[in-house]
Amino acid sequence: MAAYLVHRTFLMILTLFGMSVLIFVLLRVVPGNISDILFDSAGFVNPAEKARIEQELGLDQPIITQYWRWISDLAQGNLGYAYVTERPAAEEIAPRIPVTVKLAVLALIFSVIFGVPLGVISAVRQNTPLDYFLRVLSLSGLSLPSFWLALLILMAFVHYLGFIPIYTDPPDSFWKEIGLLSVPAAAVGFRSSALIMRLTRSSMLEVLRQDYIRTARSKGASPGTVNYDHALRNAVLPVVTIIGIEAAFLIGGLIVTETVFNIPGVARFLVEAAIWRDYPIVQNLVMFIAIVVVFANFAVDMAYMLLDPRIKYAD
Amino acid sequence: MRLHRVAVAAVSLAGSVVLAVPALAQKPGGTLRIYHRDMPPSASILEEATISTNMPFMAVYNNLVMFDPKEKINSIDKIEPDLATSWSWDDGKTKLTMKLREGVKWHDGKPFTAKDVVCTWDKLTAEESDKGDRLRKNPRRVWWQNLKDVTANGNYEVTFQLNRPQPSFLALLAAGYTPVYPCHVSARDMRTKPIGTGPFKFVEMKRNESIRLVKNPDYWKKGHPYLDAIEWRIIPNRSTRILAFVAGEFDLTFDSDVTFPLLKDVKAQAPNAVCEARPTNVNTNLIVNRDAAPFDNPKIREAMMLALDRKAFSDILSQGHDKLGASMLPAPEGVWAMPEDMLKELPGFGDVAKNRAEARKIMEGLGYSADKPLKIKVATRNIAVYRDPAAILIDQLKQIYIEGELEPVDTPLWHAKVARKDYMVGLNLTGLGVDDPDVNFYENFTCKSERNYTGYCNPDVEKMINAQSGELDKEKRKKMVWEVERKLAEDGARPVIVHNVANTCWQPHMKGLVLQHNSIYNNWRFDDVWLDK
């Protein structure tokens with residue numbers, strides 16, 4: 001177990017190193033850099049100011065020196081300076097992280113609390129009208145593009161309720177914020193819940209055909225006990241894997257959702273910073289997301305051990 | 001009896017006036033809520049060349065003079081005092097002396113003096129070698145090329161010394177792009193925490209979220225502004241922001257944000273909304289890099305110009321509302337509009353079928369055909385207002401054996417790319433800060449201007465541009481301007497495809513906003529705006 005943890009941690013560090021190199025190189029391969037963009041609008045520019053920014057960003061240094069400088073600064077908690085707004089990058093990034101985390105967690109909760117039970121119901125009521133309905137629902141969840149669904153929701157709110165659930169004013173309480181985020185969370189979580197629902201259904205159907213389920217039924221166990229205590233517990237393993245992967249993929253869905261619902265989160269901010277080639281912001285944010293994804297996968301691996309005692313890792 | 005009737009009428013009139021006053025009186029207070037389409041690159045109007053900065057931040061500043069805010073058409077004949085209370089020209093029309101308003105304070109409490117005016121124009125005319133606190137960018141430096149010197153005569157008088165007479169000079173001072181900056185605040189702070197003398201003080205700008213301005217209680221114009229604050233919310237997604245306006249979240253849309261197809265939706269869902277269509281004095285134009293082969297051959301450029309069907313652009317993009325014209329804004333809004341009969345004679349403005357037949361002949365002469373087309377990339381900014389006409393352009397160029405591929409370029413990279421001339425053919429939008437030929441010609445068509453994206457350089461035309469710029473007789477100048485425009489069209493310098501028309505909408509309770517019909521960059525002071533709710 002200890003050896004596994006060490007091995008897994010080593011792999012995590014290696015993955016993060018690979019990610020950091022990739023992020024750094026990709027950002028420098030795309031055309032244009034922040035100093036060009038800041039001075040883009042033609043007309044007379046101040047060359048001394050441009051040279052100063054290039055020097056501060058280390059753009060005049062070899063790429064390896066630039067990389068080393070970034071990583072060592074990052075290790076010391078120095079995220080650099082956002083040249084578009086002329087503020088420290090940490091001040092720009094920090095307030096946005098909680099917003100996105102809340103949205104992602106809500107979306108994940110939404111997808112699990114709808115996806116898992118509906119998947120179970122669909123499997124238990126296989127080939128009934130309810131099953132057909134749930135399968136169509138899950139299929140539409142997978143087929144509808146997030147931005148389209150989000151816009152439909154907004155249109156419905158404006159048309160039928162006369163207001164729009166977007167982030168125009170910062171909410172003044174935690175619960176108001178949760179209320180405000182629940183609509184976009186549902187929009188982005190709908191796709192994940194559909195995926196979870198389908199996976200739960202197929203996994204449950206497989207388990208429900210096992211001998212021990214038949215035995216449980218013949219011993220007089222109630223349908224609830226059979227379905228939830230015996231079947232679901234064994235069917236949930238692949239679902240946990242997919243929940244872990246979905247947690248990582250959510251960030252992609254959040255870019256669109258944050259844009260449509262005008263949420264000042266990390267995902268939308270990242271896109272805008274990438275367009276402006278705001279290196280300190282993009283590098284650090286992508287690295288942050290990479291860390292979250294790697295840790296989410298690590299957590300899923302650990303959850304396996306808790307959920308299935310049969311799984312043992314060789315020492 | 002007659003006297004009695006007159007008396008009754010007079011009493012009735014007086015009564016109605018008395019009764020009408022409360023209904024007409026501006027109500028003070030309230031927060032004006034406006035959505036913004038994107039994040040402004042900075043708050044420093046002098047350093048930027050976009051309505052994204054100009055519209056939210058003009059209310060922070062004052063100019064020396066301004067176009068009459070009650071008039072829809074900006075005109076040199078209708079210029080009002082702002083920080084300058086009066087002005088006079090010397091006999092040679094090269095010396096402009098302005099008396100400045102006394103007792104005006106910057107938002108940080110420091111007094112406004114002539115020194116601030118001198119500082120502002122020192123920054124605008126700084127040379128590369130100049131030291132000190134300089135602007136990072138200066139996109140309109142070419143506006144001030146005829147300015148020799150600015151001097152302060154005591155604390156409340158300044159003199160602008162010109163090299164030669166330039167009747168447009170006062171109009172340049174009145175532009176929304178020409179606020180006065182404080183001497184004691186650095187250029188960096190002006191980009192992030194601007195200090196002005198205007199009706200509203202800057203509070204904060206949250207990246208990609210919001211901009212907040214509050215009433216300046218010490219504003220020199222007594223009783224103004226009426227509003228307590230202005231809040232801008234940045235909503236990059238157009239569908240979301242239009243829905244938010246329809247839902248009543250905002251009092252005013254971003255300027256010219258409502259296209260004609262969208263206008264139908266807005267009017268259907270918010271029938272009480274007030275929407276005004278107006279020319280933006282932003283034109284859609286074709287840019288061709290004359291240094292890149294094969295476009296160094298004037299014949300190809302001529303063929304491309306002849307391939308344009310301007311009416312089709314207007315019909316598709318704005319349901320026929322866009323205007324057709326030469327380089328300057330067409331009538332009735334355009335002060336310098338070329339007469340219709342003259343416009344028809346310009347190359348590329350006649351019968352489209354005939355023009356295209358001629359264009360094909362030119363292309364065939366150069367060895368191109370349907371089987372052997374000229375393959376090009378058409379670069380444009382990656383936003384709908386650029387991409388849509390670029391797609392139509394590609395379609396129209398097919399008619400003359402040119403096969404175009406769209407090359408969308410991210411907004412922050414666009415100006416740098418075309419200024420470097422790192423393109424072959426492009427679809428561009430050009431906005432004019434002032435409806436004046438000096439602004440248009442010097443920025444876009446003179447040899448040394450960095451915004452001359454096509455690299456067009458004709459010393460004869462430059463002489464004509466300088467001549468019209470110095471002409472004091474307006475009618476004579478108009479004729480000279482049309483002659484320059486004719487020559488630019490013949491040379492295919494930067495063919496204007498259409499002059500854009502778009503809509504701005506507001507809720508009926510918002511009062512006092514006068515949209516300017518020949519420039520979107522002016523009159524965003526909001527000091528006459530009030531909320532009737």
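Reader: How many residues of chain B are in contact with chain A, and how many of chain A with chain B?

Author: This is a predicted model, to start with. In it, 44 residues of chain B are in contact with 48 residues of chain A.

Reader: And what area is buried between chain B and chain A?

Author: About 4100 Å², with carbon and sulfur atoms giving 54% of that. On the chain B side, Arg136(B), Arg207(B) and Pro412(B) supply 23% of the area that chain B buries against chain A, more than any other three residues.

Reader: OK, Asn237(B) next. Where is the place of Asn237(B)?

Author: Asn237(B) is in the loop between β11 (229-234) and α6 (238-246) of chain B. Leaving aside neighbours within four places in sequence, Asn237(B) is in contact with Thr259(A) and Val260(A).

Reader: Does Asn237(B) count as buried or exposed, and why?

Author: Buried, because its relative accessibility is 18% and the cut-off for buried is under 20%.

Reader: Switching to pockets. What can you tell me about the space in the second largest pocket?

Author: About 620 Å³ of space lies in there. The second largest pocket has 36 lining residues, and those nearest its centre are Arg87(A), Glu92(A), Met205(B), Lys206(B) and Arg207(B). Arg207(B) is also one of the three residues named for the area chain B buries against chain A.

Reader: Which elements give two or more residues to that lining?

Author: From chain A, α5 (89-93) and α6 (96-124), and from chain B, α5 (187-192) and β9 (200-206). The strand β9(B) gives the most, with five residues.

Reader: How do the lining residues divide into nonpolar, polar and charged?

Author: There are 15 nonpolar, three polar and 18 charged residues in the lining of the second largest pocket.

Reader: Which helix gives the most to the lining of the largest cavity, and what is the lining by class?

Author: Helix α16 (residues 474-490) of chain B gives the most, with three residues. By class, the lining of the largest cavity has eleven nonpolar, three polar and three charged residues.

Reader: Speaking of helices, why is α14 of chain B largely enclosed by the rest of the structure?

Author: Because eight of the eight residues of helix α14 (residues 437-444) of chain B are buried. Among them are Asp438(B), Asn440(B), Phe441(B), Tyr442(B) and Glu443(B).

Reader: What do the buried residues of α14(B) pack against?

Author: Four elements of chain B: α4 (169-174), β15 (425-431), α15 (459-470) and α16. That last one, α16, is also the helix that gives the most to the lining of the largest cavity.

Reader: Now the greasy part. Which residues touch the most other members of the largest nonpolar core?

Author: Of its 203 residues, Phe261(A), Leu64(B), Met98(B), Trp121(B), Phe160(B), Leu173(B) and Phe526(B) do. Apart from it lies another core, of 20 residues, among them Ile196(A), Ile213(A), Val236(A) and Val239(A).

Reader: What does Phe526(B) touch?

Author: Beyond residues up to four places away in sequence, Phe526(B) touches several residues, including Leu32(B), Met55(B), Phe200(B), Pro225(B), Trp232(B) and Leu513(B). Pro225(B) has a cis peptide bond joining it to His224(B), with omega about -5°. The loop between β10 (210-215) and β11 of chain B holds Pro225(B).

Reader: Where else is there a cis peptide bond?

Author: From Ala331(B) to Pro332(B), with omega near 0°. Pro332(B) sits in the loop between α9 (310-318) and α10 (340-344) of chain B.

Reader: Is Asn262(A) buried or exposed?

Author: Asn262(A) is buried, with a relative accessible area of 3%. Asn127(A) is partly exposed, at 46%.

Notes. Residues numbered from 1 in each chain as written. Chains lettered and ligands numbered in written order. Predicted model: local features only at pLDDT ≥ 70, side-chain atom pairs only at ≥ 80, totals over all residues. Heavy atoms only, no water. Core = buried A, V, L, I, M, F, W, Y, C linked by side-chain atoms within 4.5 Å. Buried < 20%, exposed > 50% of the residue type's maximum accessible area, 1.4 Å probe, protein only. Contact = heavy atoms within 4.5 Å. Nonpolar A, V, L, I, M, F, W, Y, C, P; charged D, E, K, R; others polar. Buried area = accessible area lost by both parts, 1.4 Å probe. 1 Å grid on protein atoms, 1.4 Å probe; cavity = no way out; pocket = protein on both sides within 12 Å on 5 of 7 lines; lining within 4 Å. Points joined across faces, edges and corners; volume = space filled by probe spheres on them.
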